[in-house]
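Please keep the sequence and the structure in view while reading.

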Amino acid sequence: MSTTNQYNDKEIKAGLNKEKQLEVLNNTVTVTYTGTKPSGLSTTLKDKTKEVVKDTNAKKGRARVSATVVESRGNTLGKMLSLCQQATMDYKIGTHPSDVRGVRLVPTGKVADLQAMIDEKSKQLDELRKQALKEWDTIRAESIEGLGDNISEVDVPYDGEEFLSDFTISVSWSAAPMAIKKGTIFEGMTEEIANKVIAQSEKTRIDVMARNHSKVLEPAMNKLKKAIKKVAKGDRLHQKTFDELLEASAELKELNWFEFDVINDIVRELQEVGKIQRDHLGKAGSATRKLATSAIEDVYKQTERTASRLAVCGL
């Protein structure tokens, strides 16, 4: 399968044929992150907001004063928040974005590892919850003190056990949408029409998945954009910046489920710029920095263009 369009001359080709593409799709499930956090971690100070709106002539709804309700800096509550945040990122590793927001596609062979990771983080959260409960009186007292005169507008949770129980780390699983299987019998429908329906179903699933490949390029684009800024102007440039591009290359290669050649091209280009050695570059503004910046910018433009093409065309 291949297609061309206005973005560039190279055809978009999948390395897998139709049968292999369907095999990939039929061996996936969906996962949704269902972890939770308390809703009252921050709040809007209504009286202060009214004062700011009045004093600055801001339009209603365009300015607000917010406050942290429960102190999380330097205590176990902060560790709980960090763990929950890490879980929301880690569950995406090795998974593919779907056409439904918040839902990821997972190869059946990775389900056990992903669930084990979530279970382990949930156990860690339970241990932190126990410690935070022991610290709760101190956490609450520091929260009240930190709010100062604004405490009149804020209700700091009193029951630590109830508040902390709202922290959870979990995922839910379900079957992934599949194309209609060959041999399915449709009452009152001729075999010819039934085959057309099945063929269209298969094409739809493949096209949706093909276009979703544009989304797997987004993390690489973010890392490239970050690298461009650091290499061009950063005074504190470290090898880690380039190592992250190598990591992005490996992640992208793993998520190129249909083996698109245009994505493989980007994987190779990311590997090349990821091999740049920081010690071989001069200071910001030097000729070597400019050359490195230009190389990374070229990869970014290629990645951005490819993402646009895949999103529009699919297969």
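**Strand pairing and overall picture**

Strand 3, which covers residues 28-33, pairs with strand 7, residues 103-107, in the antiparallel sense over five bridges. The model is a predicted one, and the chain it describes contains eleven helices and eight strands. With a radius of gyration of 25 Å, well over the 20 Å that the globule rule gives for 315 residues, the chain is more spread out than a compact globule.

- Along the pairing with strand 7, Thr 28 has Pro 107 as its bridge partner, while Thr 32 stands opposite Val 103.
- Strand 3 also pairs with strand 8, again in the antiparallel sense and over five bridges, and in that pairing Val 171 of strand 8 is the bridge partner of Tyr 33.
- Strand 3 is mostly covered, given that five of its six residues are buried.

**Val 106 in strand 7**

- Val 106 is a residue of strand 7, and its relative accessibility of 0% puts it under the 20% cut-off, so Val 106 counts as buried.
- When neighbours within four places in sequence are left aside, the residues in contact with Val 106 are Asn 27, Thr 28, Val 29, Val 31, Thr 95, Val 111, Leu 114, Trp 173 and Trp 257.
- Ile 93 lies 13 residues from Val 106 along the chain, and the C-alpha atoms of the two are separated by 9.7 Å.

**Two positions in the helical part of the chain**

- Gln 302 is located in helix 11, which spans residues 287-313, and at a relative accessibility of 19% Gln 302 counts as buried, since the cut-off is under 20%.
- Not counting residues up to four places away in sequence, Gln 302 touches Asp 265, Ile 266 and Glu 269.
- Glu 259 is found in the loop that runs between helix 9 (240-255) and helix 10 (261-274), and its phi is near 55°, which is a positive value in a residue other than glycine.
- Glu 259 has a relative accessibility of 40% and therefore counts as partly exposed.

**Values for the whole chain**

- Taken along the principal axes, the C-alpha atoms of the chain fill a box of roughly 75 × 65 × 45 Å.
- Buried residues make up 39% of the 315 residues, and the accessible surface of the chain comes to about 18600 Å², with 49% of that surface belonging to carbon and sulfur atoms.
- Among the contacts in the chain with a separation of 6 or more, 76% are accounted for by residues 24 or more positions apart.
- The side chains include 50 positive and 47 negative ones, and the centres of these two sets lie 5 Å apart.

Technical notes. Residues are numbered from 1 along each chain as its sequence is written. This is a predicted model: local features need pLDDT of at least 70, side-chain atom pairs count only at pLDDT 80 or more; totals for chains, interfaces and linings use all residues. Side-chain values use heavy atoms; hydrogens and water are left out. Helices (H or I, at least four residues) and strands (E, at least two) are DSSP runs, numbered from the N terminus. The radius of gyration is taken over C-alpha atoms; the globule rule is 2.2 Å times the number of residues to the power 0.38. Buried means under 20% relative accessible area, exposed over 50%, partly exposed in between (1.4 Å probe, protein chains only). Contact means heavy atoms within 4.5 Å. Accessible areas come from the Shrake-Rupley method with a 1.4 Å probe; for residues, only the protein chains shown count as cover. Lys and Arg count as positive and Asp and Glu as negative; His and the chain ends are not counted. The place of a charge is taken as NZ of Lys, CZ of Arg, CG of Asp or CD of Glu. Two strands pair if DSSP finds at least two bridges between them.
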